[in-house]
Amino acid sequence: MTPRSGFPSCCLTPRLQTPQLLLCCVTCHAVLCSLVQPGLEARARLVHLPSNRSNQEQGYCETEARLASSLDFWTLSSENLMAVLPVDPVKENYVRKVKNCIFSIAFPTPFKSRVRLVAVSKEVLEDILDLDLSVSETDAFIQLVSGEKIVFGSIPLTHRYGGHQFGIWADQLGDGRAHLLGIYRNRQGEKWELQLKGSGKTPYSRNGDGRAVLRSSVREFLCSEAMHYLGIPTSRAASLVVSDDEVWRDQFYNGNIVKERGAVVLRVAKSWFRIGSLEILAHYGELDLLRSLLDFIIQEHFPSVNVQEPNRYVDFFSIVVSETAQLIALWMSVGFAHGVCNTDNFSLLSITIDYGPFGFMEAYNPDFVPNTSDDERRYKIGNQANIGMFNLNKLLQALNLLLDRGQKHLAAQILEEYPILYYTRFTELFKAKLGLLGERKGDGDLIAFLLHLMEKTEADFTMTFRQLSEITQSQLQELNIPQQFWALKMISKHQLFPAWVSQYLLRLKSNINDSDSERRKRMTTVNPKYVLKNWMAESAVQKAERNDFSEQAPTALEA
């Protein structure tokens with residue numbers, strides 16, 4: 001039986017590091033990542049987060065390194081994966097049941113029609129891939145990111161995995177429309193896996209056509225970059241190309257099939273392994289392969305775990321449990337609902353991957369569901385923490401096949417701590433959103449009280465916290481809510497609002513060595529003014545479908 005998590009009802013939304021607004025993507029010559037930092041005066045700026053320090057042992061010198069101006073000597077490698085992890089011996093590309101391997105070799109299928117580059121992330125190209133932005137204007141780049149050609153060293157791979165979808169084992173799933181082009185080691189010594197999404201059929205396509213459409217691709221491109229700038233671990237989007245190839249889709253699952261255009265996103269991540277990567281091996285009893293894959297993942301991505309230690313899988317599980325709690329708490333802090341929290345969409349590195357029917361909550365509603373096909377509301381925003389527990393339990397079931405009795409007991413105890421870890425992360429993030437310092441007994445109640453008022457008044461989630469970051473304590477004390485703080489005015493109509501304000505102001509007085517201006521400054525760094533709400537994404541999609549990519553160009557908005 002799946003353990004119950006028992007989360008408090010208030011745990012429905014927590015925080016964000018350096019939250020910043022993504023303003024949409026680009027034309028061929030423009031750049032997506034024009035973001036606005038909250039708390040700055042009204043001006044747009046291109047934000048570059050600090051890169052990691054140079055890896056001197058590898059001989060990288062960031063300050064002196066030059067960005068590549070072409071793809072002529074720019075290479076990828078699949079060697080690191082293929083040298084350790086077995087590849088399907090069948091080389092033909094047809095849909096089939098695959099066993100006893102991690103990858104199948106499959107080449108992308110080029111589009112038949114004209115291909116156009118419509119979005120590129122300058123930061124991903126320059127800071128991750130060491131490519132000058134001008135490279136995106138070359139034919140070689142468009143051929144690479146559309147799947148028409150591959151670069152030297154690349155052997156395209158498609159990953160075999162399974163998963164529980166909507167709580168039910170779905171057996172073999174895998175990369176049905178994605179191709180892993182290879183690994184790039186950049187000048188900081190970081191390894192990044194490059195994957196095309198929408199690039200054609202693979203052995204794992206099942207009944208699909210292997211394609212992605214412009215609509216969903218625009219959404220993924222925008223949201224992955226938005227999440228990055230909100231400080232949430234995520235895969236990144238490097239580019240988006242669109243074709244004139246016809247792709248037929250039933251967008252609302254109502255039998256109304258419409259013609260759309262095929263598109264491909266080049267996305268990058270440190271790893272694309274997910275819980276389902278291990279589940280499929282456990283399900284078919286491929287235990288030697290399960291052990292090999294786990295050891296590889298630990299060696300590559302969990303440096304704090306000694307791969308020689310007998311308890312390494314327990315240590316690995318402990319980290320995944322902790323970081324999954326952190327990730328979901330971060331989702332909640334910005335009102336983000338993933339929409340399809342299946343085990344095949346949950347990263348073992350605890351990053352956000354596989355953007356599908358996601359959504360950012362507008363009016364605060366713990367029952368918010370962005371996925372129209374989720375009839376049972378399984379993945380509603382208020383249930384994401386519980387789903388995290390479910391998914392971690394499925395991970396533990398796979399790991400248990402490699403654990404002895406004592407290790408199983410330790411791992412079970414670790415999983416039991418997940419609700420506490422999540423609630424702790426949630427509370428910390430929400431305290432920061434409210435500008436609270438230190439520890440006080442009633443902090444959880446204060447947070448829950450506000451969320452209750454927001455739910456009853458249907459107040460805007462994002463703007464409530466942003467406006468609390470801007471209003472002064474004296475304005476709150478006098479219950480004098482200026483008109484521009486419209487979200488707070490909505491909450492102020494509730495009869496219990498004065499009681500909450502009194503409790504909040506009393507709590508703020510307990511902040512040591514703090515001032516009202518410092519509180520507001522601190523809160524504006526964790527409460528974004530903008531998130532990628534559905535109407536924003538939909539506006540960009542509708543214009544893109546008319547070949548108008550203006551909403552994906554840098555735009556000056558008030559911070």
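Trainee: How do the residues lining the second largest cavity divide into nonpolar, polar and charged?
Mentor: In this predicted model, the second largest cavity has a volume of about 60 Å³. Its lining includes Asn80, Lys191, Trp192, Lys270 and Phe296. Sorted by class, the lining residues are four nonpolar, two polar and four charged.

Trainee: Which elements each supply at least two residues of that lining?
Mentor: Among the lining residues of the second largest cavity are Asn80, Leu81, Trp192, Glu193, Glu300 and His301. The elements that each supply at least two residues are helix 1 (79–82), strand 10 (191–197) and helix 6 (287–301).

Trainee: What is the volume of the largest cavity?
Mentor: The structure holds six cavities of 30 Å³ or more. The largest cavity is lined by Leu81, Phe103, His159, Asp175, Leu180, Glu193, Gln195, Trp272 and Phe273, a set of five nonpolar, two polar and two charged residues. Its volume is about 70 Å³.

Trainee: How many residues apart in sequence are the parts tied together by Glu123 and Arg236?
Mentor: Glu123 and Arg236 form a salt bridge, with 3.1 Å between the closest N and O atoms. Glu123 belongs to helix 2 (residues 122–128) and Arg236 to strand 12 (residues 236–249), so the pair links parts that are 113 residues apart in sequence.

Trainee: Is Arg236 buried or exposed?
Mentor: The cut-off for buried is under 20% relative accessible area. Arg236 has a relative accessible area of 4%, so Arg236 is buried.

Trainee: Where does Arg187, the salt-bridge partner of Asp130, lie?
Mentor: The side chains of Asp130 and Arg187 meet in a salt bridge at 2.4 Å, N to O. The pair ties together parts that are 57 residues apart in sequence, because Asp130 lies in the loop between helix 2 and helix 3 (139–146), while Arg187 lies in the loop between strand 9 (178–185) and strand 10.

Trainee: Which residue forms a salt bridge with Arg312?
Mentor: Arg312 is buried, with a relative accessible area of 14%. In its salt bridge, the closest N and O atoms are 2.8 Å apart. The partner is Asp295.

Trainee: With which side chain does the side chain of Ser373 make a polar contact?
Mentor: Ser373 is found in the loop between strand 15 (359–360) and helix 8 (384–399). Ser373 is partly exposed, with a relative accessible area of 30%. At 2.7 Å, the side chain in polar contact with that of Ser373 belongs to Asn371.

Terms used: Residues numbered from 1 in each chain as written. Predicted model: local features only at pLDDT ≥ 70, side-chain atom pairs only at ≥ 80, totals over all residues. Heavy atoms only, no water. 1 Å grid on protein atoms, 1.4 Å probe; cavity = no way out; pocket = protein on both sides within 12 Å on 5 of 7 lines; lining within 4 Å. Points joined across faces, edges and corners; volume = space filled by probe spheres on them. Nonpolar A, V, L, I, M, F, W, Y, C, P; charged D, E, K, R; others polar. Helix = DSSP H or I, 4+ residues; strand = E, 2+ residues; numbered from the N terminus. Buried < 20%, exposed > 50% of the residue type's maximum accessible area, 1.4 Å probe, protein only. Polar contact = N/O pair within 3.5 Å; in protein donor to acceptor, adjacent residues only side chain to side chain. Salt bridge = Lys/Arg side-chain N within 4 Å of Asp/Glu carboxyl O.
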